[in-house]
Amino acid sequence: MSYDHEPISPMFRIDVSPETDAAPPASNDRVAVELLRQIAIGQQQQNKLLESLVQQNNAAQNQRSSELQQWKNANPELSKSCRQAAETLSKVQTEFLASLTEEIQDSEDHLIEGEYMLNEFVDRFGPRLAHLNGVLQVLAQLGSGEPASE
């Protein structure tokens with residue numbers, strides 16, 4: 001059984017003869033220049049996007065700042081009270097941090113060696129520290145801009 005005489009479908013035929021009208025291969029310099037041009041275009045697009053992001057962030061920050069200043073102007077006494085409360089709470093935070101660091105120094109070996117002790121420490125001090133920091137930040141923001149002694 002010879003398959004030489006059977007017609008071959010064009011779908012399964014592969015032409016391996018050389019093309020005569022093929023374009024000459026591009027030189028390495030031209031390829032490098034084209035790649036550099038594409039990189040430069042990409043960087044320009046990234047710069048435009050970054051500028052847009054910066055503008056959006058600045059606009060949002062300016063709006064927040066403006067709203068905060070409007071609130072302070074509408075509530076000057078409350079703003080002053082927030083400033084005083086922030087100063088007092090800052091002293092409380094300092095004392096809390098002193099006791100926290102003392103506790104760490106006293107139980108250093110137990111914290112390093114035992115996961116249970118570390119979890120107990122984090123459970124004991126972590127939430128309180130996080131909440132204290134959050135409240136202090138709010139009071140400091142609402143009371144910023146003018147000293148409490150005024």
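Arg124 is partly exposed, at 48% relative accessibility (partly exposed lies between buried, under 20% relative accessible area, and exposed, over 50%, with a 1.4 Å probe and protein chains only). Arg124 forms a salt bridge with Glu103, the closest N and O atoms being 3.4 Å apart (a salt bridge is a side-chain nitrogen of Lys or Arg within 4 Å of a carboxyl oxygen of Asp or Glu). The pair links distant parts of the chain, with Glu103 in helix α2 and Arg124 in helix α4 (residues 115–142), 21 residues apart. Helices are DSSP runs of H or I with at least four residues, numbered from the N terminus. The model is predicted: local features need pLDDT of at least 70 and side-chain atom pairs count only at pLDDT 80 or more, while totals for chains, interfaces and linings use all residues. Residues are numbered from 1 along each chain as its sequence is written, and side-chain values use heavy atoms, leaving out hydrogens and water.

**Salt bridges**

- Three salt bridges are found in a search of the whole structure.
- Side chains of opposite charge can pair when their charged atoms come close.
- In the pair that joins α2 to α4, Glu103 is partly exposed, with a relative accessible area of 27%.

**The pair within α1**

- Glu34 and Arg37 form a salt bridge, and their closest N and O atoms lie 2.5 Å apart.
- Both residues sit in helix α1 (residues 28–74), three residues apart, so about one helical turn separates them.
- Glu34 is partly exposed at a relative accessible area of 32%, and Arg37 is partly exposed at 44%.

**The pair within α2**

- Arg83 and Glu87 meet through their side chains in a salt bridge of 3.4 Å, N to O.
- These two residues are four apart in helix α2 (residues 76–106), so they too are separated by about one helical turn.
- Glu87 counts as partly exposed at 35% relative accessibility, and Arg83 is partly exposed with a relative accessible area of 29%.
- An α-helix has 3.6 residues a turn, so residues three or four places apart point the same way.

**Helix α2: length and buried residues**

- Helix α2 has 31 residues and reaches 45 Å from its first C-alpha to its last, close to the 45 Å expected at 1.5 Å a residue (the expected span is 1.5 Å times one less than the number of residues).
- The buried residues in α2 include Ser79, Cys82, Ala86 and Leu89, along with Gln93, Phe96 and Leu100.
- Helices α1 and α4 are among what covers the buried residues of α2.

Notes: Contact = heavy atoms within 4.5 Å.
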